[in-house]
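Subject: A structure for you to look at

Hi there,

Here is the structure I promised to pass on. Have a look at it first, and then read my notes below.

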Amino acid sequence: MTSQRSLGAEAPEPRPSGLDDDFGFAIGAVFRAYAKAVEAAVGDIPGGPRGYFVLSAAATGEAGSQKSLAERLGVDRTVMTYLLDDLEAADLVERRPDPADRRSRHVFATEHGAERWEELRARVGLVEQHLLGALPEEAREAFRGMLCTLARHVTGRDGAADPCQVVVEFGIAEEAPRAPRRGRRRSAN
């Protein structure tokens, strides 16, 4: 197992904090607010936010194959199939066979889908402006850029390792105190 020192990383000093200063709580709170607002903004298309992200990938030429899109978005392949069926029925996307592998299908936005994506993207932009409104204007783009960098890192799109590997490499699981088990104890009888 590789230690932090051998990786050249210094362990950050733990600092006492409440929930408002906790990274996990903060990112969860921001995510929940974003998810709720985006659901309202794009809820009129099949799949709501998931449908929007599929349409975004298709409209920008980043969708690739149905399988790779499901993996990138963290959507079960079966769920992705149904979602794409609904988006196709709404004339937002189309699936075309890959010329190199007829078993694989690539996802593309239709003309109507590209137009609809522009409308939805404007709505989502307003959501982002509202959420980032608490930050000074000069910090908004920097924060957004850093967040996107982190997203690429944790999804492996920047060549980073599996985030679970960090737990193994840094021995976090071994160092963490175990919480007592809850539940009823079984009697010896």
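Let me start with a question: in which loop does Asp 91 lie? Asp 91 is in the loop between helix H4 (77-89) and E1. Phi of Asp 91 is near 60°, a positive value in a residue other than glycine. Asp 91 is also partly exposed, with a relative accessible area of 42%; buried means under 20%, exposed over 50%, and partly exposed in between (1.4 Å probe, protein chains only).

Before going on, please note that this is a predicted model, where local features need pLDDT of at least 70 and side-chain atom pairs count only at pLDDT 80 or more, while totals for chains, interfaces and linings use all residues. Residues are numbered from 1 along each chain as its sequence is written, and side-chain values use heavy atoms, with hydrogens and water left out.

Now the overall picture. The chain has eight helices and two strands, in the order α-α-α-α-β-β-α-α-α-α. Helices (H or I, at least four residues) and strands (E, at least two) are DSSP runs, numbered from the N terminus. Of the 189 residues, 22% count as buried.

The strands E1 (residues 93-98) and E2 (residues 101-109) pair in the antiparallel sense over six bridges; pairing requires that DSSP finds at least two bridges between two strands. A hairpin of two residues joins E1 to E2, and Glu 94 stands opposite Phe 108 in E2.

Next, the surface. Phe 23, Ile 27, Phe 143, Met 146, Leu 147 and Leu 150 form a nonpolar patch with about 590 Å² of accessible area together. Helix H1 (23-42) and helix H6 (137-154) each supply at least two of its residues, and H6 gives the most, with four. Leu 150 is in H6 and is partly exposed, at a relative accessible area of 43%. Areas come from the Shrake-Rupley method with a 1.4 Å probe, and for residues only the protein chains shown count as cover.

Happy exploring!

Best wishes

Definitions and conventions: Patch = residues over 30% accessible without salt bridge, like charges linked within 9 Å, V, L, I, M, F, W, Y side chains within 5 Å. Salt bridge = Lys/Arg side-chain N within 4 Å of Asp/Glu carboxyl O.
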